[in-house]
Amino acid sequence: MKASIRLGVNVDHVATLRQARGTAYPDPVEAALVAVAAGADSITVHLREDRRHIQDEDVRRVVARCPAPVNLEMAVTKEMVDFACAVKPRYVCLVPEKREEKTTEGGLDAGMIESVVKVACRRMSEAGIQVALFLDPDPRQLAAAVRIGVPHLEIHTGRYADARDDGERALELSYIRNFAEAAQSAGIEVHAGHGLTVENVGPIAAIPEIVELNIGHSIIARSVFVGLPAAVAEMRRRMLEVRQAR
Ligand SMILES: CC(=O)[C@@H](O)[C@H](O)COP(=O)(O)O
Ligand SMILES: NCC(=O)COP(=O)(O)O
């Protein structure tokens, strides 16, 4: 099977650079338009509760101007759900958030806060938004996602990306493979992301059940040296060459 795989580009860290100086540039919305022109299939923005990078107005502008679907990542809070229902991105992915973390450290404990997630999903579905959960590749989380009834989910690949050696990486990869297979069998569309780079994306892109990868930090970092269109194209090329070699 040579099912295709989509690339969603996360433009948060264009806003990180802007917020470092409080300037009006660089504009994450302009980055989104450039990324789509270079082949990105969708754009991801993460509206953090502390607004450390993406701002509310960035989300409004990207939803209004981006020709590709926009995926809003956000915490499961009333404030965020109200905001999403007002702005109506095509997708929302619910992620856990800790104020003091440098970056997202894991998936949502969907079972733990199932009733809250259910209410949030229902409200956003009624607003026409397709809701996903950002989950660790743990069968208990898949069981919760099935009970909640989400149409798709995103596997947190951070532990795979941060593995200290080949053995640990192979183990994390096996969890992701098994989870992706089980999620697809349960009728849920499978996405993945976090910490992926041109160097480590291959084995993840080769998993046939995964149909979308959301990648940000490494693409924006690489664009400093080669430009954003080239960095997007390089990642797409790597994903597709692995996929088509299957
Ligand atoms: C949920 C996720 O993996 C990304 O949104 C990532 O967290 C990017 O944002 P930060 O770098 O602020 O964590
Ligand atoms: N959901 C993952 C994402 O949007 C990008 O994460 P990263 O590539 O910035 O680590």
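## Helix 2 against helix 3

In helix 2, the residues P28, V29, A32 and L33 meet D58, R61, V62 and R65 of helix 3. (Contact means C-beta atoms, placed from the backbone, within 7 Å; helices, H or I of at least four residues, and strands, E of at least two, are DSSP runs numbered from the N terminus.) Sorted by class, this contact of helix 2 with helix 3 holds five nonpolar, no polar and three charged residues. (Nonpolar are Ala, Val, Leu, Ile, Met, Phe, Trp, Tyr, Cys and Pro, charged are Asp, Glu, Lys and Arg, and the others, Gly among them, are polar.)

The model is a predicted one, in which local features need pLDDT of at least 70 and side-chain atom pairs count only at pLDDT 80 or more, while totals for chains, interfaces and linings use all residues. Residues are numbered from 1 along each chain as its sequence is written, and chains are lettered from A and ligands numbered from 1 in the order in which they are written.

Helix 2 covers residues 28–37 and helix 3 covers residues 56–65; their axes come within 9 Å and cross at roughly 30°. (Axes are lines fitted to C-alpha atoms, for helices over the stretch in contact, with angles from 0 to 180 degrees between N-to-C directions.) Helix 2 and helix 3 are therefore roughly parallel to each other. (Under 35 degrees is roughly parallel, over 145 roughly antiparallel, 65 to 115 roughly perpendicular, the rest oblique.)

## Helix 5 against helix 6

On the helix 5 side the contact is made by E114, V117, K118 and C121, and on the helix 6 side by A144, R147 and I148. The class counts for this contact of helix 5 with helix 6 are four nonpolar, no polar and three charged.

## The barrel

Eight strands close into a barrel with parallel pairing, in the order 1-2-3-4-5-6-7-8. (Strands pair if DSSP finds at least two bridges between them.) In this sheet, neighbouring strands are turned by 25° against each other on average, direction ignored. Strand 2 (residues 42–46) and strand 3 (residues 70–74) run parallel and are joined by four bridges. I43 is placed opposite V70 of strand 3.

Helix 11, residues 228–244, lies across strand 1 (6–10) and strand 8 (210–215). The angle of helix 11 to strand 1 is about 145°.

## Surroundings of the ligands

Among the residues that surround ligand 1 are N10, D12, H46, R48 and E73, and also F134, H194 and G216. (A residue is near a molecule if its C-beta atom, placed from the backbone, lies within 6 Å of it.) The shell around ligand 1 divides into two nonpolar, seven polar and three charged residues.

Ligand 2 is surrounded by 13 residues, of which N10, G193, N214, G216 and H217 are the closest. Strand 8 and helix 10 (217–226) each supply at least two residues of this shell. The shell around ligand 2 has two nonpolar, nine polar and two charged residues.

## Two backbone details

Most residues other than glycine have a negative phi, and most peptide bonds are trans. The peptide bond from Y25 to P26 is cis, with omega near -10°; P26 is in the loop between helix 1 (12–21) and helix 2. R51, a residue other than glycine, has a positive phi, near 50°, and R51 is in the loop between strand 2 and helix 3.

Note on methods
Contact = placed C-beta atoms within 7 Å.
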